[in-house]
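Here is a short note to read alongside the coordinates. Please keep the viewer open and check each point as you go.

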Amino acid sequence: MADNKAILKAGDAEIELPILSGVAGNDVIDIRTLGSSGYFTYDPGFMATGSCESSITFIDGAKGVLLHRGYSIEELARDADYLEVCYMLLHDKTPNSEEYKAFKDTITRHTLVHDQVNNFFRGFRRDAHPMAMLCGTVGAMSSFYHDDLDITDPEQRLRSAYRLVAKMPTLVAMCYKYNIGQPFVYPRNDLTYAENFLNMMFSVPAEDYKITPAVSKAVDRIFTLHADHEQNASTSTVRLAGSSGANPYACIAAGVASLWGPAHGGANEACLTMLQEIGSVDRIPEFIARAKDKADPFRLMGFGHRVYKNFDPRATVMRESCHEVLSELNIDDPLLNVAMELEKIALSDPYFAEKKLFPNVDFYSGIILKAIGIPTNMFTCIFALARTVGWVSHWHEMLSQPGQKIGRPRQLYTGEAKRPYNKIDK
Ligand code: SDX
């Protein structure tokens, strides 16, 4: 890190602040000593704030670059499977064949959840939103492991990280089965991670689910494309929750809750609902007009990104997968045509160009998930399943760093000045 300095002139004060440089990306002004000068910085929405130091993921929003441990998302989506990416995110190295096999075996043998978890679901209505059930059951996992978890012990942190990566597919599939009134399906150790998830989702006691390689490959790739994404809202939520020493299950439940919002992970569900509402290519101009109308709160779901101001590299890979899956399954989904036309029209419209609004990761994922039979209300659960490894990797990294402190932002106070309280006659 370079040791050049920023000079802040504030009132009569001249405050020197170190500028730190990383391996890539923006330099940062280190304001950790600023408080002693009587000033805070002010950055609602963290538009220009670095909250931590991390070596897991790098994004260059202007160039549409996404790297995990230095490897491009395009290469990982093409040449690695999701468990390889999980290992790399957690361990900061690519696994050799022995390490990969040992990791895969460990994950496989942690996929079962305690049978008492089944009872948690009985408390939900059958039509409960799957994300509500996932949030509740992941948080409840704290009650199974809370007393044997020393978060200062890296081995125990990794054990809980493995448990979470392993159990999320089981919990997500249970949410779906509970919604549709079918019995829960236990994990199978003879299947890959993606195959096992699909089997728990779609097999029934009356007949086994027939694994289609193209489908399980697409699901594995969707997991990879959603695995991690730097300091997004849900990952920042997990870090903040973890900074208080909360156990990882509670922290991941907080991440699930944050991801649910339609501005974040809930966009894939909202995007498919929007494409269904548009329905046909000829109605696209009406929705483009609404998206541009400041008086209309409507936004094109699946478009725009806080960081990507060029294109989201994941959307490009997802679009290719879309075509592969639909042609493999011999599906001619009119929604894909609507999506492709919407992308073309939006990208040629000055409004979207000047606001740098491009399709993001959520734009095409819904079409693939719909094609393989996953209902729209399950889409964000799939995102949460895939993002769990990113959440636990950041949680583990944060707790590994020396001098880690509880996150405690300050504020610009605009309430009442101190005033006397007049007791009321009760
Ligand atoms: C994810 O952070 C991550 O990394 C997230 C994620 C991850 O992997 O973790 O990448 C996953 O959350 C992807 C984003 C999914 N969300 C959506 O698709 C919802 C629709 N998009 C937006 O609501 C919006 O684009 C955000 C939330 C994604 C980004 O919001 P910003 O950066 O705060 O931008 P903004 O809301 O300030 O918008 C800037 C301008 C505004 O116009 P002005 O007020 O300047 O006139 O662009 C407009 C907005 O009105 N705008 C849109 C728009 N998104 C922004 N106009 C129409 N349609 C849209 N989708």
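Predicted model: local features only at pLDDT ≥ 70, side-chain atom pairs only at ≥ 80, totals over all residues.

The points below cover a sheet, a loop residue and the ligand site.

1. Start with β4, β5 and β6. These three strands form an open sheet in that order, and the pairing is antiparallel. The edges are β4 (57-60) and β6 (71-72), each of which pairs on one side only. In general, strands of a sheet pair through backbone hydrogen bonds, either parallel or antiparallel.

2. Bridges within the sheet. How many bridges link β4 and β5? There are four, in the antiparallel sense. Strand β5 (residues 65-68) is joined to β6 by two bridges, and this pair also runs antiparallel.

3. Histidine 68. Look at this residue from both sides. Threonine 57 stands opposite histidine 68 of β5. Towards β6, the bridge partner of histidine 68 is tyrosine 71.

4. The hairpin turn. β4 and β5 make a hairpin with four residues between the strands. Which residue there has a positive phi? It is glycine 64, with a value near 65°.

5. Serine 21. This residue sits in the loop between β2 (13-20) and β3 (28-29). Is serine 21 buried or exposed? Its relative accessible area is 18%. The cut-off for buried is under 20%, so serine 21 counts as buried. The side chain of serine 21 also makes a polar contact of 2.9 Å with the side chain of aspartate 27.

6. In arginine 306, a side-chain N or O atom is 2.8 Å from an oxygen atom of the ligand. For tyrosine 351, a side-chain N or O atom lies 3.1 Å from a ligand nitrogen atom. Lysine 355 places a side-chain N or O atom 3.0 Å from an oxygen atom of the ligand. How much of the ligand is covered? Taken alone, the ligand exposes 1,100 Å², and the protein buries 77% of that.

7. The shell around the ligand. There are 24 residues around the ligand. Those that come nearest are His229, Leu300, His305, Arg314 and Arg387. What is the make-up of the shell by class? Ten residues are nonpolar, seven are polar and seven are charged.

Methods: Residues numbered from 1 in each chain as written. Heavy atoms only, no water. Buried < 20%, exposed > 50% of the residue type's maximum accessible area, 1.4 Å probe, protein only. Polar contact = N/O pair within 3.5 Å; in protein donor to acceptor, adjacent residues only side chain to side chain. Pairing = 2+ DSSP bridges. Near = heavy atom within 4 Å. Areas by Shrake-Rupley, 256 points an atom, 1.4 Å probe, with all protein chains shown as cover. Nonpolar A, V, L, I, M, F, W, Y, C, P; charged D, E, K, R; others polar.
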